[in-house]
Amino acid sequence: MENLFEKHMAKNTVFLDKDIISPHHIPKNLPFREKQINEITQFLGPVLNNSKPNNFFLYGKTGSGKTATVKHVLEQLDDFVKTHDKKVCSSYVNCRSHPSKYKVLLKVLRSTITEKDFLGYSSSFIYEKLLEYSNENAIHQILVLDEIDKVKDIDELVYSLSRGNDELKSGSITIIGISNNLTFKEKLDPRTKSSLCEREMVFSPYNATELKEILKERIDKAFKFETVKDEAISLAAALAAQESGDARTAVMLMQRAGEIADSQELTIVDDTLVEKAKVSVEEEIIISMISTLPEQQQLVLYAIAQLSAQNPTFTKVNGEVEKGVLFSGEIFEAYLTLAKKFDRRTITSRWYRQYINELEMYGLILVTNSGKGIKGQTRLIKLGFDPMKIKTVLEKELFKNF
Ligand SMILES: Nc1ncnc2c1ncn2[C@@H]1O[C@H](COP(=O)(O)OP(=O)(O)OP(=O)(O)O)[C@@H](O)[C@H]1O
Ligand SMILES: [Mg+2]
């Protein structure tokens, strides 16, 4: 019998180096981010002259290249430090996987002092050890806290680190915070805000032309010569530009289109394959986005999905009937009932409005104002995706412990 892997390896593929079109890959060249790269380099520059850089906060929509850009500059810094014997040390933490002060500090310490794992030590021990490391060796530490909005006790984390920094006799600690949550900054304690956001940088979304250029560069290296049609690249770029200018979506669309080509034993990737890729990529992105929302926000979204599934209709002033449009107030009521049913604490209406704003920003819902006449001024809310699909994803997330 023929070996399974012989058969697998003999299969034709459109890819030359598939990793390059994976969203986890960080390309050496980042088109349209030269300005940001230069600016971050300027910000961090003082550390090489033995002085502490300002803390800074970097934000922008998902897929706008924040992580890729910062990692790129950090890599360059590390290379320079190694060859020029500078007392600088950098750590990168993705706070999604380390979502508390304790976990962040533990991760930083373990990547700084690699000989020990520090498991089981108290939070204060870890914190002191981190300061001691800078103080005794006169080391400047750069801590990149990516997806910083995921840290539960963010105010305490930033406060401790800045206070710690002030106490250091030599060396320093600089925080670079990154977030795609555009309203996160407003939720911070004013003291945290002023210490984290000494400087700020915004990453704007890419437009379709930029996305096409970015894709072309990666496709040239990832796919075999002339296997990808120009129309396929244009479509992927246009779709991703619509989806908030997200380079991750663009890259994922091309990766998936290539995989579909391979599975159907096709030798050319054209726009019909990108269309097919769109359905599965969209689903994957929604699932990953929903699974990182805080539980209370998941409950709000669940209330919206549940009400939308019941398919209420709404008659506009001009007599037009629209499906799936909900009143903000009825969602809040449904949310309260759900929270009670599942024995969860409930959020105030102020927080509820904040959560609705964020869900809109993530593109999960559409919000419009009713205009005068309907129950006074109220907000009308519509789910951006199929309610049954959203419900299924949320049920898995919310009720896994029931
Ligand atoms: N200028 C660029 N050139 C090439 N690839 C890019 C560029 N910008 C982003 N990408 C690619 O797009 C994907 C997403 O980028 P990145 O992870 O940096 O986004 P992000 O802004 O950190 O998003 P999120 O807020 O979701 O974390 C990655 O695969 C990255 O390599
Ligand atoms: Mg990122």
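I take contact to mean heavy atoms within 4.5 Å. The model I am reading is predicted.

**Leucine 301 and the core**

I looked up leucine 301 with that cut-off. Leaving aside neighbours within four places in sequence, I find leucine 301 in contact with Ile290, Leu293, Leu359, Leu364, Ile365, Leu383, Ile390 and Leu394. I then asked which residues have the most contacts inside the largest nonpolar core. They are Val300, Leu301, Ile304 and Ile365, in a core of 35 residues. I noted the elements that each supply at least two residues of this core: the helices are α12 (271-291), α13 (295-309), α14 (328-341), α15 (349-361) and α16 (387-398), and the strands are β9 (365-369) and β10 (379-383). The most comes from α13, which gives 8 residues.

**Strands around β10**

I followed β10 to its partners. Strand β8, residues 325-327, pairs with β10 in the antiparallel sense over 3 bridges. In that pairing I looked up phenylalanine 327, and its bridge partner in β10 is leucine 380. β9 and β10 also run antiparallel, joined by 5 bridges. Here I find valine 367 opposite isoleucine 381 of β10.

**Helix α9**

I checked the span of α9, residues 208-222. Its 15 residues reach 20 Å from the first C-alpha to the last, close to the 21 Å expected at 1.5 Å a residue. I listed the buried residues of α9 as Leu211, Lys212, Ile214, Leu215, Arg218, Ile219 and Ala222. They lie on the same side of α9 because they cover an arc of only 165° around the axis. On the face turned away from this buried side I find the exposed residues Thr209 and Asp220. The cover over the buried residues of α9 includes α10 (230-242) and α11 (247-263). At the N-terminal end of α9 I find asparagine 207 as the cap, with a side-chain oxygen 3.1 Å from the backbone nitrogen of threonine 209.

**Helix α10**

α10 has 13 residues and reaches 18 Å between its first and last C-alpha, close to the 18 Å expected at 1.5 Å a residue. The buried residues I listed for α10 are Ala232, Ile233, Leu235, Ala236, Ala237, Leu239 and Ala240. I asked what these buried residues of α10 pack against. They pack against α9, α11 and α12. After α10 comes serine 244, where I read a positive phi near 70°.

**Glycine 60**

I looked up glycine 60 and placed it in strand β1, residues 56-60. Is glycine 60 buried or exposed? With a relative accessible area of 2%, glycine 60 is buried, because buried means under 20%. Leaving aside neighbours within four places in sequence, I find glycine 60 in contact with Lys66, Ser179, Asn180, Leu182 and Phe203. I also took the C-alpha to C-alpha distance from glycine 60 to methionine 201: 8.5 Å in space, for residues 141 apart in sequence.

**Whole chain**

I closed with totals. I count 16 helices and 10 strands in the chain. The C-alpha atoms fill a box of roughly 70 × 60 × 45 Å along the principal axes. Of the 402 residues, 46% count as buried. Among contacts between residues at least 6 apart in sequence, 71% join residues at least 24 apart.

How values were computed. Residues are numbered from 1 along each chain as its sequence is written. Chains are lettered from A and ligands numbered from 1 in the order in which they are written. This is a predicted model: local features need pLDDT of at least 70, side-chain atom pairs count only at pLDDT 80 or more; totals for chains, interfaces and linings use all residues. Side-chain values use heavy atoms; hydrogens and water are left out. A nonpolar core is a set of buried Ala, Val, Leu, Ile, Met, Phe, Trp, Tyr and Cys residues joined through side-chain atoms within 4.5 Å. Buried means under 20% relative accessible area, exposed over 50%, partly exposed in between (1.4 Å probe, protein chains only). Helices (H or I, at least four residues) and strands (E, at least two) are DSSP runs, numbered from the N terminus. Two strands pair if DSSP finds at least two bridges between them. The expected span of a helix is 1.5 Å times one less than its number of residues. The arc is that of the directions from the helix axis to the C-beta atoms. A polar contact is a pair of N or O atoms within 3.5 Å; within protein, one must be able to donate a hydrogen and the other to accept it, and residues adjacent in sequence count only if both atoms are side-chain atoms.
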